[in-house]
Amino acid sequence: MEQDYPQKQPQKQGGSAFITFLLVLIILLLSGILIYLRYGDLIMNRLYQFTDGKIGAETGVTSLPGRALPQPADDGLSDELPDSGELPDDIELTEPEPVPESEPEPEPEPIVLDYAAAKALPDGIALSTHDFTVRTLGESVTIRVKGGSDGPFTWVSENPSVASVDENGVITAMSHGTVNVIVTDGVKKGLCVARMITGSTSTAAKLNTSDFTRTVEEGEYQLKVSGVETKITWSSENPSVASVDENGLVTPLSKGQARIRAAWDGGYLICVVRVPG
């Protein structure tokens, strides 16, 4: 009589399945450990940013083994701001200090010189004109520097009661006469002759000559003015070349040129005397 033995094949299949499951579980666990070791910091940073820095409060995760979580920046107001986002009344916001604007450099002041000091300077400044005549009292003429200097400039009149000049080179006739006006930059000068014939010269007044030549050997020459009833004052602008007495008698003295002035209350006339060598 044959005895039936139980078959053990099903038990072998069940054991193989368990071993397979255990191996898969180990593989998954090892994979998880590898992923954690490789990407743990990145995962926690993402989680930290997603929860706005509240991992410890809401997730219970405050740190990782061997790793510290990044801390939120402390701006001094995060702990005091309410949920509404409005600032409490006891917090004052201060505006940043304004950046001071750099002050412009002051323009250099013109050098102040009197007429004698300005006249002693060497020539070197060119002017728009070096000789002009004004025939109306109060009339103004503007003289400009043509170049060669950047200034600042000082304008000086030889006699401001005859011709005044301002800081812009505007010359104004104040009374009858002829004066020099000088402009200087403190180093060199420019000179202009201003003739103020301010409507007071009689058209009937005449000299017997306005220009003559006389040698020293030829001697004296008499100047006369017609058409004037008042007293005439005679003067020479270069008495070393030619002198004149109170009656208009001109005496040539040396080689050169001189201007003889016949002046009276209300006008004047000029005669040029040339003395050859």
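Which residues is Leu223 in contact with, leaving aside its neighbours within four places in sequence? I took contact to mean heavy atoms within 4.5 Å. I found Leu207, Asn208, Thr209, Phe212, Trp234, Asn247, Gly248, Val250, Ile260 and Cys271.

**Entry: what I am looking at.** I noted that this is a predicted model, where local features need pLDDT of at least 70, side-chain atom pairs count only at pLDDT 80 or more, and totals for chains, interfaces and linings use all residues. Residues are numbered from 1 along each chain as its sequence is written, and side-chain values use heavy atoms, with hydrogens and water left out.

**Entry: the whole chain.** I counted three helices and 20 strands in the protein chain. These are DSSP runs numbered from the N terminus: helices are H or I with at least four residues, strands are E with at least two. Of the 277 residues, 27% are buried. Buried means under 20% relative accessible area, exposed over 50%, and partly exposed in between, with a 1.4 Å probe and protein chains only. Among contacts with a separation of 6 or more, 52% come from residues 24 or more positions apart.

**Entry: cores.** I looked up the largest nonpolar core and found 20 residues in it. Such a core is a set of buried Ala, Val, Leu, Ile, Met, Phe, Trp, Tyr and Cys residues joined through side-chain atoms within 4.5 Å. Leu223 is one of the residues with the most contacts inside the largest core, as are Leu207, Val225, Trp234, Val250, Ile260 and Val273. Strand 17 (242-244), strand 19 (256-264) and strand 20 (267-275) each supply at least two residues of this core. Another core lies apart from it and has 17 residues, including Leu127, Trp155, Ala173 and Val181.

Entry: I traced an open sheet in the order 14-18-17, with antiparallel pairing. Strand 14 (221-222) and strand 17 are the edge strands, each pairing on one side only. Two strands count as paired if DSSP finds at least two bridges between them. Strand 14 and strand 18 (residues 249-252) have two bridges, and Gln222 has Leu249 as its bridge partner.

**Entry: strand 11.** I checked strand 11 (residues 189-196) and found six of its eight residues buried. Strand 4 (residues 131-134) runs parallel to strand 11, joined by four bridges; Val134 has Met196 as its bridge partner. Strand 10 (residues 177-184) runs antiparallel to strand 11, with eight bridges, and Ile182 stands opposite Leu191. Strands 10 and 11 form a hairpin with four residues between them, where Gly186 in the turn has a positive phi of about 95°.

**Entry: salt bridges.** How many salt bridges are there? I recorded six, taking a salt bridge as a side-chain nitrogen of Lys or Arg within 4 Å of a carboxyl oxygen of Asp or Glu.

- Asp123 and Lys189 meet at 2.8 Å, N to O. The two are 66 residues apart, with Asp123 in the loop between helix 3 (115-119) and strand 3 (126-127) and Lys189 in strand 11. Asp123 is exposed at 61%, whereas Lys189 is buried at 9%.
- Asp131 and Arg195 have their closest N and O atoms 2.7 Å apart. Asp131 lies in strand 4 and Arg195 in strand 11, so this pair ties together parts 64 residues apart in sequence.
- Arg259 and Glu237 have their closest N and O atoms 2.8 Å apart. Glu237 is partly exposed at 42%. Salt bridges that share partners join Glu237, Arg259 and Arg261 into one network.
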